[in-house]
Amino acid sequence: MTNSSRPLPQPSRWSAGYWEAAAERRFVVQECRSCDRPIMYPKRVCPHCLGDDLGWRASPGKGEIYAVTAQLAGPPTGFADRLPYVVAIIRLDEGVQLMSNIVGDGALEARIGDRVSVGFEDAGGTVLPVFRLDESEVAR
Amino acid sequence: MQKVRAAAVGIGEVPSGRFPERSEIEAAILACRDAILDAGMAPTDIDVVMPVGALASRHFNVDLVFSRLCEELGMLRSAKMNVQVMSGGATSSSMLAIAEGLIAGGLARNVLCIHSDAVGSLPKQAGIDLFSTTGVSEEWEAPYGHNMNAVGALAANRYMHETGTTEEELASVCVALRQWAQLNPHAMFRTPLTIEEVLASKMVATPLRAKHCNMLADGAAAFIVARAEDAPHITKTPVYVRGHGSLVTHYTVSQDTNLARLGFEEAGAEAYAKAGIGPEHMQLAQIYDAYPVWPLITLDGLKLCRGERAGAFVAAGETSPGGSLPMTTNGGMLSQGHTAVGGGIAVLVEAFRQLMGKAGERQVANLVNAVETASGGTWMDSHVTILSKEY
Ligand SMILES: [Zn+2]
C-alpha cells in the first residue's frame, strides 16, 4: 500500500476498461449488447439477461445527487488528511447509480437533487472519476 | 397463515461493552451454558450447533467453524452438525429461519444458535477500517473514503429528504433507546441522554453527529430453537416463531434504488401474512438499529406508527418506556453496544426474553406478540420475524 494506505481500485478482468478510460479522462458506462441496457458497477455477465457480450458506452457523466454526506471525522485509514470530504450516491442520466466524491466549489453544501458532472482526480497514479456541482447549483 | 413449527426455549447472554480480559471463546461458552440451563436442557439434547461468523479474530472464527464449542460444552458424539451461519447483521433473523427450516424438515430437533465477538476491544482505527469493508465494495466505494458512518448518513440524508424527518426526531431515536438501556444491566451505555446532548455532539458524517453513531462492543448471546410441539414440554415460557419475511435490496449501498425504504414493506407484508396477524397486534418492536435512521425506515415499512410518520411517533415517546409501542428494549446497538453481528442477535434475544417474561425492570406487561427485524452489511436486506407467546 502506498499513499498513506488510501485504498485504490484493483481492476478485475471485466472492469479494466472502465479504469483505462478514466486514466484517459474519459467516462464510460458498461453496456450489454444483447439487451442494450447500461450496467453499473461493471459486471462479468449482464445482470438483466446473463449475456456476456458486454462493452463500453461513452457517457457524458451527468446526473444528480441521490444521497450525500460530508465526512468530518472518524475516516477510514488513508483519508484523515482529506477531511472534510464528501461522499455521494449519484444517479446518472443513464439511470444507473454509483458512489463517488463531490469535489470543488460548493461540495460541502451539496444537496439531494443537485446536478453534477464527472471530473477526474489523480489519486497516486490511479485516476478516479469524481463529480462537481454544475455551475447553476454553485450559484444557488 | 403458516403452521407454527419452531419455538425458542432458552436464552443466554453476557454483558456488552469493552472486556479485554474476557476472550471471545469464554463469552461464547458462558452464553451457551446459560442458554442450555435456561432451557432446562443437557448439552446432549442439542443436535445442531450454529455459530455465527465472528469478525474480530479469524482464529476464533475458525474455531467456531470447526466445532470447538461442541468440545467445550460436552456435545461430542451427541451433536450431529456444527455449521456456521453468516449474513452479517441479518444473521439473527436468517439463522432463526434456517433453524426453523431444519426443524420443520425433520433435520434437527434442538438447535443452539450462538454469537460471540470482541470488536469492542479492537484498536479504534482497526474497528473503523473493519466496518469500512463489510458490504463496502473494495473496488468501487473504498477508494472514495466510504465507511459505515457514511452508510448511516447517506440513508438518513435520503430518508429525511423524502419524509421531512427533522434532526430532533432523528436524535429522539437515540434518546428512546438510551431510556431502555438504563434499565438493562447488560448495556454498554446506561447514563441518561437528551436530544440536546445528541445535537450538541460533534458532527461526524452529515447529518450524523457522534451521539447518533454506535460504539463497537464485545459481547455474546445464544438461544435454543426447538420443535413447536416439544416446546411446552421443555419450558414454561416457549416463544413461537409465527412468520418470517425478507428481501435483499443491495450489496453496496450505492446500488439501492430505494434507500429511504429498503425492503421492509415487502418483508413485513410477507411476515404478517404468514403469521396471520398484523401490525395492530404487535406490542413490542425489536428493531435492528446501529444508526437512528434504520428504526425509522423499519417502523414506517412495518406500518407500526398508526399512520404517523415514524420520526414524529418516536419523538412523541411512543417507543420509550411507558409508550404505546416499546421498541428495542435492550437499548439496541446504539446503547447496548455494537457487537458486530451480535447487535442483531441481542435484539432477537431481547424479543425472546420479553416474551418469556424474563426482562426484569424493563419487562413489557401483558405481552403476547412481538416483531423482530434485522439487516446485514450496509442494510443489504430487510428481515422481519413475528414471534408470539401463544398461537
Ligand atoms: Zn443484458
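## Close-up views of a two-chain model

View 1. Helices (H or I, at least four residues) and strands (E, at least two) are DSSP runs, numbered from the N terminus. The largest share, three residues, comes from α5(B). This is a predicted model: local features need pLDDT of at least 70, side-chain atom pairs count only at pLDDT 80 or more, and totals for chains, interfaces and linings use all residues. Residues are numbered from 1 along each chain as its sequence is written, chains are lettered from A and ligands numbered from 1 in the order in which they are written, and side-chain values use heavy atoms, with hydrogens and water left out.

**View 2. The largest pocket holds about 790 Å³ of space.** Of its 32 lining residues, the closest to the centre are K124(B), N149(B), C213(B), N214(B) and M215(B). On a 1 Å grid over the protein atoms alone, a pocket is an open set of points where a 1.4 Å probe fits, with protein on both sides within 12 Å along at least five of seven lines; lining residues have an atom within 4 Å of a point. Grid points are joined across faces, edges and corners, and the volume is the space filled by probe spheres set on the points. By class, the lining has 17 nonpolar, ten polar and five charged residues. Ala, Val, Leu, Ile, Met, Phe, Trp, Tyr, Cys and Pro count as nonpolar, Asp, Glu, Lys and Arg as charged, and the others, Gly among them, as polar.

**View 3. Chain A meets chain B.** The contact (heavy atoms within 4.5 Å) takes 40 residues from chain A and 33 residues from chain B. The buried area is about 3,000 Å², and carbon and sulfur atoms give 57% of it. Buried area is the accessible area (1.4 Å probe) that two parts lose on being put together, summed over both. In chain A, Y41(A), Y66(A) and M99(A) lose the most area to chain B, together 22% of what that side buries.

**View 4. R82(A) forms a salt bridge with E121(A).** Their closest N and O atoms are 3.0 Å apart. R82(A) sits in the loop between β4 and β5 of chain A, and E121(A) in strand β7 (residues 115–123), 39 residues apart. A salt bridge is a side-chain nitrogen of Lys or Arg within 4 Å of a carboxyl oxygen of Asp or Glu.
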